[in-house]
Structure formats: C-alpha cells, structure tokens
Amino acid sequence: MDEKKKMKVLVVDDELPLLEVMQDILRELGYHCIGASDGLEALDVVRSTPDIDIVISDIKMPRLSGLNLVKTLSEERPDIITIIMTGYIDSDILVSVLRAGAYDFLPKPYDARAITMILERSVEKRRVVLENERLLEELKKANRKLTKQQKMLEQKVLASDKTLQKKYQELRFINDVMKTINSSLDFNETIHYILEVVREVLSATTVSVMLLDDEKRYLTVIDGIGDTTGFIGERVRVGEGVAGWVAKNNKPLLVKDTGDEGLPVELQSERNSYSASSFISIPLVTIKKGVIGVLNVTNKEDGKSFNEEELDVLKIFSEQAAIDIENTIIYEELESYYLQTVRALSKAIEAKDVYTRGHSERVTIFALELAREIGYSDEQLRNLELAGILHDIGKIGVPVHILTKPGKLTDIEFDQMKRHPVIGEEIIKDIKFLESCRMIIRNHHERMDGRGYPDGVLGSEIPEEVRIMTIADAFDAMTSDRPYRAALPVDEAVRRLRHDSGTQFDKKLVEIFVNNVVPKMH
Ligand SMILES: [Fe+2]
C-alpha cells in the first residue's frame with residue numbers, strides 16, 4: 001500500500017477558505033486529513049487523536065500561534081512531523097521556525113508541487129521515526145531473550161572445537177561487509193537535502209559536509225554542492241586547517257574575510273593559502289559521540305561576507321544534520337546487534353553439524369565467482385555474500401540426529417530437513433538489511449522444473465541469485481564428505497550438474513559455472 005494513504009495529516013489555519021483548500025489538496029493527494037482553526041484547537045486534536053503523523057500549521061493565528069504550537073508539540077510529541085506555512089521567508093523567520101522544532105516550511109500561496117514534495121519528504125521522515133521506534137522496541141525484547149542463550153552457546157561451542165576459530169573469522173567477515181551496507185535511512189539523501197537548503201538560504205557558492213573517522217583522527221568530505229570538483233573523498237587531519245581546527249576545538253568559525261584578524265592564532269600563518277574569501281565552518285555534534293563532523297559554507301554568491309545571523313541559521317541546520325547522522329549511527333548499531341544474534345545462531349549450527357563445517361563459506365565463494373562471471377554489481381555481490389553465509393541458518397531448527405544421520409533419511413526425517421529454508425527465512429525476516437537475502441534463503445532448494453521445496457515454484461520464476469546459489473550449494477554438497485557418503489570427485493560432480501541442468505539447475509548458469517568457475521577453483 002502507498003505510504004501516504006496511511007498517514008494522518010492535521011492542517012491548522014484560522015482562515016477557513018484556505019484551510020478547506022489545503023484539505024482538499026491533501027485529500028486529492030491521498031492523505032487522510034483533518035482540520036483545526038487555531039493552535040489551541042490543534043493541540044486538543046493531537047491530544048485526543050494519538051495517530052496524527054504530520055501537522056501543517058499556519059504561522060499567524062489567534063490564541064496559539066503556529067510557532068508556539070510547533071514548540072509545544074516538539075516537547076509533547078517529538079515523533080510528529082511539523083511543517084509551518086508562511087507567506088514570506090527570510091532568515092529570521094526561518095531561524096525561528098526551525099528553532100521551534102519544525103521539520104520544514106511551506107511557502108504560501110500554495111503550490112501543489114511544493115506541497116507534494118514536502119509532504120513526501122515528511123512522510124518518509126515519519127516512516128523512519130516510526131520504524132526506529134519499532135526496531136528499538138523489538139531489539140530490546142529480542143536482546144533480553146537472546147543474551148542468555150547466546151552466552152551459553154558461545155561457551156559450549158568454543159569449548160568443543162578449536163577449528164571454530166575459523167567460523168569466528170567467517171562471521172567477523174560478515175560483520176565487516178555489513179558495515180559497508182548503506183542504512184535504510186536514506187542518510188545520503190537527507191544530508192544532500194540539508195546542503196541544498198543551506199546553500200540556497202545562505203546564497204553560498206559551495207557547501208560541504210565532512211565526517212570524522214572512528215578514531216577521530218581524520219575528517220573526510222562525504223558530500224558537497226557547488227565548486228566540488230574533486231573534493232568529495234578528500235581527507236584532512238583533525239587539528240589541521242580550518243575544518244580540522246573546528247573539529248578539534250568543537251567551536252564554529254566565522255571568517256568574514258580571510259585577510260582579517262578574525263582567524264584563530266593557529267590559523268593565521270596559513271591564511272594566505274585560502275582559496276575562499278569568506279566562510280563558516282561549524283562542528284556537527286551529537287549527545288552520544290560529541291563532535292562527529294564539520295559543515296562548511298564558502299563564499300557568498302554576491303561576493304559579500306557571511307554574518308553572525310547566518311552563523312545562527314547554520315547552527316540550526318548543523319543540529320539537524322547531526323541528528324540525522326546520529327540516527328544512521330544508531331541504525332548501524334542495530335544492524336551490528338542483529339549480526340551478533342545471527343552469529344550465535346551460526347555457531348549453534350556449526351556445533352550441531354560437523355559435516356557442513358566450512359560449507360557456507362565455500363558456497364559463498366562459488367556463488368560469488370559465478371556472479372562475477374555474469375557481471376554482478378558490487379551491491380548484488382554483497383547481498384549474495386550474506387545470503388551464502390546464511391543460506392542454511394534454518395538448520396538450527398532441525399534435530400541434530402537428523403543432520404548427522406549416516407544412513408538414508410526416512411520420509412518423516414526428510415520432511416523435517418526440508419523445513420530449514422523456511423525456518424531460515426523466519427529467522428531473518430524482520431532484519432531489514434537482510435531483506436534481499438530472504439528469497440535466496442527460502443528458495444535455495446527450488447528446482448527449474450518446479451519439483452523443489454518449499455514452494456515448488458518454477459526456476460524461471462525465481463530470481464537469478466537464487467539459481468546461482470542452488471548450483472553453488474549443490475556443487476559443494478557433492479564435493480565434500482557427508483555422513484552418508486564420501487566426497488565425489490570434481491569430474492563426477494560436474495557430470496551430475498550437467499545431467500541435471502534444465503531440470504534441477506539453470507542450464508546457462510551451469511555451463512558458465514562448469515567452464516569458467518570450476519577450473520579456477522580446483
Ligand atoms: Fe540448504
């Protein structure tokens with residue numbers, strides 16, 4: 001369902017005709033919409049209607065103004081997204097609107113395009129707020145349940161076998177991969193949007209944002225607008241140059257003219273090397289981590305200098321940017337917590353099934369090689385990597401005597417074994433960053449002719465990644481020892497892959513695998 005259909009918007013305006021027009025527009029756009037004729041009435045509505053998502057309010061109203069409404073709401077209900085409508089925008093109004101806690105502002109008279117755009121952004125923001133709340137709640141719950149279990153498993157598994165060190169490395173490797181995956185917060189988009197607004201409001205020629213590394217030794221430019229040729233990705237050491245000074249001292253720096261004496265003593269000597277004439281650099285600070293980066297604004301379009309008022313405006317934007325960045329950091333921590341959980345589960349499987357030791361690692365290598373042969377992007381490769389490591393995670397739910405049984409499985413036992421893809425999907429299904437692995441985990445035992453499990457779908461109807469995984473999985477299973485038979489020679493495994501191509505495996509992929517991947521591996 002469309003996100004906005006679920007969002008409830010409260011419009012506040014004392015001019016009734018305008019209120020009605022706005023409500024009509026919003027309903028037309030598909031939002032659920034209610035109205036209030038001033039700030040006080042709006043507060044009553046919010047207090048008695050807990051599922052309001054967004055409030056759009058006029059600025060000037062009797063009894064309680066839009067600004068005071070937003071201020072009260074940001075204390076009582078910080079999860080609600082507030083937008084202020086105003087006839088004219090200058091930096092004074094902007095500062096007071098943003099300082100009151102509003103997320104955005106909407107110029108009057110209404111322009112349907114602006115409304116659509118701002119509302120879409122607000123809906124996205126609200127979705128993130130709700131998603132974060134939900135995730136946090138879920139995590140707390142899961143954490144309590146799993147901490148105990150995890151400790152027990154770790155002790156048992158580590159004591160049982162030294163080769164598990166290898167598994168540890170494998171899992172640490174997933175962790176590293178995860179760190180490089182973008183969070184779902186559209187963090188880059190948010191930062192870029194802030195930069196765009198800052199540039200417009202301050203009429204600056206160039207704006208950029210730099211982030212500190214974990215050791216707080218270097219700042220790296222992560223985004224910029226304007227004369228940015230070549231500077232994204234550039235690094236400076238903390239303590240060096242303007243941005244380095246700002247990060248080190250946790251103080252903003254407004255320089256009206258690089259020729260003047262406003263520069264701190266440490267920077268006086270290098271002032272001749274500045275290409276900018278006027279600039280503001282401001283630290284990005286979060287409660288949890290202190291300074292996390294620097295926001296830079298350089299040269300005004302009209303050649304004049306930046307002033308103190310503009311520094312104030314920038315302070316507000318830097319606060320918002322810092323919050324967005326902090327959210328991303330929290331999200332990353334959530335991801336890493338989930339990974340720990342998955343780790344414990346992987347270890348548990350390892351402890352149960354000695355025959356599959358190293359299986360998922362090898363399957364991953366085969367799958368990645370095959371995917372590289374057909375030109376997968378880095379992101380697709382990363383997903384495949386994770387799915388490879390996790391594809392058999394559902395075996396945690398299969399009794400150990402079945403996993404390690406030396407003879408043929410009975411029908412009942414085989415049925416239990418066949419549940420592992422579904423159990424695996426169940427384990428990871430709420431983990432947002434593993435979303436793209438879901439299908440691979442669930443369907444890695446499907447066949448091209450539709451006779452696989454659990455869904456019995458035709459191979460042509462399942463994504464290519466799944467078909468890649470199936471080949472990699474089968475090849476490793478054939479070429480390694482199993483409780484019921486010794487490893488098959490590579491030639492025999494290749495023969496079987498070819499024999500079953502078209503029925504069990506994707507014909508084209510088998511040929512690429514046999515011709516290009518197998519020779520490299522053996
Ligand atoms: Fe499997």
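This is a predicted model: local features need pLDDT of at least 70, side-chain atom pairs count only at pLDDT 80 or more; totals for chains, interfaces and linings use all residues.
**Entry 1: Phe306**

I started at Phe306, which I found in the loop between strand E11 (290-300) and H10. Is Phe306 buried or exposed? I counted 23 other C-beta atoms within 10 Å, so Phe306 is buried; the cut-off for that is 20 or more. Next I looked up who touches this residue. Setting aside neighbours within four places in sequence, I have Phe306 in contact with Leu202, Leu254, Lys256, Ser278, Phe279, Ile280, Val297, Lys300 and Leu311. I took one of those partners, Ser278, and checked the backbone. Ser278 sits 28 residues away from Phe306 along the chain, yet their C-alpha atoms are separated by 6.4 Å.

**Entry 2: the whole chain**

I stepped back for the overall numbers. I get 19 helices and 11 strands for the protein. Of its 522 residues, 34% are buried. I also looked at contacts between residues at least 6 apart in sequence: 62% of them join residues at least 24 apart.

**Entry 3: the cores**

Which residues have the most contacts inside the largest nonpolar core? I wrote down Val9, Leu10, Ala102, Val294, Val297 and Leu314, in a core of 72 residues. Helix H10 (residues 308-352) gives the most to this core, with 6 residues. I then checked the domains: the core takes at least three residues from each of domain 1 (3-126) and domain 2 (187-331). Val297 had already turned up in my notes, as a contact of Phe306.

Beyond its neighbours within four places in sequence, Leu10 is in contact with Ile34, Ala36, Ala42, Val45, Val46, Ile52 and Val55. Another core, of 34 residues, lies apart from the largest one; I noted Phe366, Leu390, Phe475 and Ala493 among its members. For context, nonpolar side chains tend to be buried together in soluble globular proteins.

**Entry 4: H2 on H3**

I find the axes of helix H2 (residues 39-48) and helix H3 (residues 66-76) within 9 Å, crossing at roughly 25°. That angle makes H2 roughly parallel to H3, the limit being under 35 degrees. H2 passes H3 in a right-handed crossing. From H2, the contact uses Gly39, Ala42, Leu43 and Val46; from H3, I listed Gly66, Asn68, Leu69, Thr72 and Leu73.

**Entry 5: H19 and its two partners**

How do helix H18 (residues 490-499) and helix H19 (residues 507-521) pack? I have their axes 9 Å apart, at an angle of about 160°. H18 is therefore roughly antiparallel to H19. The crossing of H18 past H19 is left-handed. On the H18 side I noted Val490, Val494, Leu497 and Arg498, which meet Val510, Val514 and Val518 in H19.

H19 also meets helix H11 (residues 359-373): their axes come within 9 Å and cross at roughly 115°. I marked this crossing as right-handed. H11 makes the contact with Phe366, Glu369, Leu370 and Glu373, while H19 brings Leu509, Ile512, Phe513, Asn516, Val517, Lys520 and Met521. Phe366 is one I had already written down, as a member of the 34-residue core.

Last, I went through the backbone. Most residues other than glycine have a negative phi, and most peptide bonds are trans. Here is what I found against that background.

Where is Lys216? I located Lys216 in the loop between strand E6 (204-212) and strand E7 (218-225). Lys216 is not a glycine, but its phi is positive, about 60°. With 14 other C-beta atoms within 10 Å, I put Lys216 down as partly exposed.

Asn250 also has a positive phi, near 50°. I placed Asn250 in the loop between helix H8 (241-249) and strand E9 (253-255), just after H8. Asn250 has 10 C-beta neighbours inside 10 Å, so I call this residue exposed. Looking back into H8, I listed its buried residues as Val242, Ala243, Gly244, Trp245, Val246 and Ala247.

Which two residues does a cis peptide bond join? They are Tyr453 and Pro454, and I read an omega of about 5°. Pro454 is in the loop between helix H16 (438-443) and helix H17 (464-478).

Terms used. Residues are numbered from 1 along each chain as its sequence is written. A nonpolar core is a set of buried Ala, Val, Leu, Ile, Met, Phe, Trp, Tyr and Cys residues joined through C-beta atoms within 7 Å. A residue is buried if 20 or more other C-beta atoms lie within 10 Å of its own, exposed if 12 or fewer, and partly exposed in between; C-beta atoms are placed from the backbone. Helices (H or I, at least four residues) and strands (E, at least two) are DSSP runs, numbered from the N terminus. Domain bounds come from an automatic or database domain assignment. Two residues are in contact if their C-beta atoms, placed from the backbone, lie within 7 Å. Axes are lines fitted to C-alpha atoms, for helices over the stretch in contact, and angles run from 0 to 180 degrees between N-to-C directions. Angles under 35 degrees count as roughly parallel, over 145 as roughly antiparallel, 65 to 115 as roughly perpendicular and the rest as oblique. A crossing is left-handed if the near helix is turned anticlockwise from the far one by less than a right angle, and right-handed if clockwise.
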